[in-house]
Amino acid sequence: MTGKIEKIVAHGVEVFADVEMDNLRRERCLCLNCQKMPSNCSVSKDFYHLCLQNNIALMVTRCPEYVYK
């Protein structure tokens, strides 16, 4: 792993984060950049709820249903 891991506060909770990847996630995650998200995609809804429950962030890099915005 080459990224710098830092302790940050996300949504009011202290967590460890790879800050560089977290910034890239906002730009490059397919879910965050898909026209179907969030109302028309059950998979992204499932991921979102999993992230909320566990205070984690995931980046989707592969999807057969991706729709350009």
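How many helices and strands does the protein have? The protein has two helices and two strands, the helices being DSSP runs of H or I with at least four residues and the strands runs of E with at least two, numbered from the N terminus. The model is predicted, so that local features are described at pLDDT of at least 70 and side-chain atom pairs count only at pLDDT 80 or more, while totals for chains, interfaces and linings use all residues. Residues are numbered from 1 along each chain as its sequence is written, and side-chain values use heavy atoms, with hydrogens and water left out.

**Figure 1. Overall fold of the protein.** From the N terminus on, the order of elements is β-β-α-α. The C-alpha trace spans about 35 × 25 × 15 Å along its principal axes. Of the 69 residues in the protein, 23% are buried; buried means a relative accessible area under 20%, exposed means over 50%, and partly exposed lies in between, for a 1.4 Å probe and protein chains only. The protein exposes about 5700 Å², of which carbon and sulfur atoms supply 54%; accessible areas come from the Shrake-Rupley method with a 1.4 Å probe, and for residues only the protein chains shown count as cover. Among contacts with a separation of 6 or more, 48% involve residues 24 or more positions apart, a contact being heavy atoms within 4.5 Å.

**Figure 2. Pairing of strands β1 and β2.** The two strands run antiparallel and are joined by six bridges; strands pair if DSSP finds at least two bridges between them. Ile-5 has Asp-18 of β2 as its bridge partner, and Glu-6 stands opposite Ala-17 in β2. Glu-6 belongs to strand β1 and is partly exposed, because its relative accessibility is 31%. Leaving aside residues up to four places away in sequence, Glu-6 touches Val-15, Phe-16, Ala-17 and Val-19. The C-alpha atoms of Glu-6 and Asp-18 are separated by 6.5 Å, although these residues are 12 apart along the chain.

**Figure 3. Two residues with positive phi.** Most residues other than glycine have a negative phi. His-11, which is not a glycine, has a positive phi of about 55°. His-11 lies in the loop between β1 and β2, and the hairpin of these strands has two residues between them. With a relative accessible area of 79%, His-11 is exposed. Asn-55, likewise a residue other than glycine, has a positive phi near 50°. Asn-55 is placed in the segment after α2 and is partly exposed, with a relative accessible area of 28%.

Figure 4. Ser-44 is part of helix α2, which covers residues 42–54. Is Ser-44 buried or exposed? Ser-44 counts as buried because its relative accessible area is 3%. Its contacts, not counting residues up to four places away in sequence, are with Cys-31, Met-37 and Pro-38.

**Figure 5. The largest pocket.** About 740 Å³ of space lies in the largest pocket. On a 1 Å grid over the protein atoms alone, a pocket is an open set of points with protein on both sides within 12 Å along at least five of seven lines, whereas a cavity is a set of points where a 1.4 Å probe fits but cannot get out; lining residues have an atom within 4 Å of a point. Grid points are joined across faces, edges and corners, and the volume is the space filled by probe spheres set on the points. The largest pocket is lined by 26 residues, of which Arg-25, Cys-51, Ile-56, Ala-57 and Leu-58 are the closest to its centre. Elements giving two or more residues to this lining are β1 (5–10), β2 (13–18), α1 (19–28) and α2. Helix α2 gives the most, with five residues. By class, the lining of the largest pocket has 19 nonpolar, three polar and four charged residues; Ala, Val, Leu, Ile, Met, Phe, Trp, Tyr, Cys and Pro count as nonpolar, Asp, Glu, Lys and Arg as charged, and the others, Gly among them, as polar.

**Figure 6. The second largest pocket.** The volume of the second largest pocket is about 150 Å³. Its lining comprises 14 residues, with Cys-31, Cys-41, Val-43, Val-60 and Cys-63 nearest its centre. This lining divides into 10 nonpolar, one polar and three charged residues.
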